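This report walks through a few contacts between side chains and asks where the residues that make them sit. Please look at the sequence and the structure first.

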Amino acid sequence: MGNSEKIILGIDPGTATMGYGVIRFKNQEIESLEYGALTTEAGIPEHIRLKDLYGGLGRLIKKHSPDVVAIEDIFYFKNKKTVIKVSQARGAALLAAANSGKECYSFTPLQIKQAVAGWGQADKKQVQDMVKKLLNLKEIPKPDDAADALAVAICCAYSLSTLSAIDM
């Protein structure tokens with residue numbers, strides 16, 4: 001990777017709340033540029049919720065022009081309805097990345113925990129504490145979905161760094 005800079009948009013998919021985190025990765029240094037959550041109104045039709053999420057991601061991509069979009073992969077859910085809804089939101093995020101011509105990567109929760117906390121069994125609090133520490137933030141990002149999205153972006157940055165070292 002050398003001195004090249006990468007802007008990475010991390011996404012924690014969800015229909016009611018979709019976390020996002022934008023970081024700059026340069027010379028093994030990570031900086032938070034923006035984070036937050038896109039939210040949709042309960043009770044409105046799911047196709048409208050997905051359209052709203054897609055539009056919000058499109059605006060974020062236009063604003064930050066990330067080099068890469070990183071999305072958390074769906075690994076396991078106890079509730080089938082939940083996994084379907086999250087999968088639909090993930091699809092909207094993948095489509096937003098594809099339509100903007102951005103490179104896109106997916107990471108499992110295990111990969112994210114290992115990259116950020118150094119342990120695949122880390123709990124949510126440990127991951128959030130490491131996100132705060134790695135980004136030199138005063139507090140853990142809120143909502144939790146934003147902290148999770150930043151963790152996805154950090155995982156992607158470390159993965160890209162490892163891949164570029166292998167390519168040398």
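Is Tyr 158 buried, partly exposed or exposed? With a relative accessibility of 25%, Tyr 158 counts as partly exposed, given that buried means under 20% relative accessible area, exposed means over 50%, and partly exposed lies in between (1.4 Å probe, protein chains only).

Before going further, note that this is a predicted model, in which local features need pLDDT of at least 70 and side-chain atom pairs count only at pLDDT 80 or more, while totals for chains, interfaces and linings use all residues. Residues are numbered from 1 along each chain as its sequence is written, and side-chain values use heavy atoms, with hydrogens and water left out.

**Aromatic pairs**

The structure holds two aromatic pairs, where rings of Phe, Tyr and Trp (its six-membered ring) pair if their centres lie within 6.5 Å, and planes under 30 degrees apart count as stacked, over 60 as edge-to-face and the rest as tilted. One of them is edge-to-face and joins Phe 25 to Tyr 158, with 6.5 Å from centre to centre and 75° between the planes. This pair links distant parts of the chain, since Phe 25 belongs to strand E2 and Tyr 158 to helix H5 (residues 144-167), 133 residues apart; helices (H or I, at least four residues) and strands (E, at least two) are DSSP runs, numbered from the N terminus. Phe 25 is buried, at 0% relative accessibility. The tilted pair is formed by Tyr 105 and Phe 107, again 6.5 Å centre to centre, with 35° between the planes. Here Tyr 105 is partly exposed at 24%, whereas Phe 107 is buried at 7%.

Strand E2 (residues 17-26) runs antiparallel to E3, and ten bridges join them; two strands pair if DSSP finds at least two bridges between them. Lys 26 stands opposite Glu 29 in E3, and the two strands form a hairpin with two residues between them, where Asn 27 in the turn has a positive phi of about 50°.

**Salt bridges**

How many salt bridges does a search of the whole structure find? The search finds eight, a salt bridge being a side-chain nitrogen of Lys or Arg within 4 Å of a carboxyl oxygen of Asp or Glu. Three of them are listed here.

| Glu 31 | Arg 24 | 2.7 Å |

Glu 31 is partly exposed at 39%, and Arg 24 is partly exposed at 26%. Glu 34 is buried at 19%, while Lys 63 is exposed at 60%.

**Cysteines**

A search of the whole structure finds zero disulfides. Cys 155 is buried at 2%, and Cys 156 is buried at 1%.

How values were computed. A disulfide is a pair of cysteine sulfur atoms within 2.5 Å.
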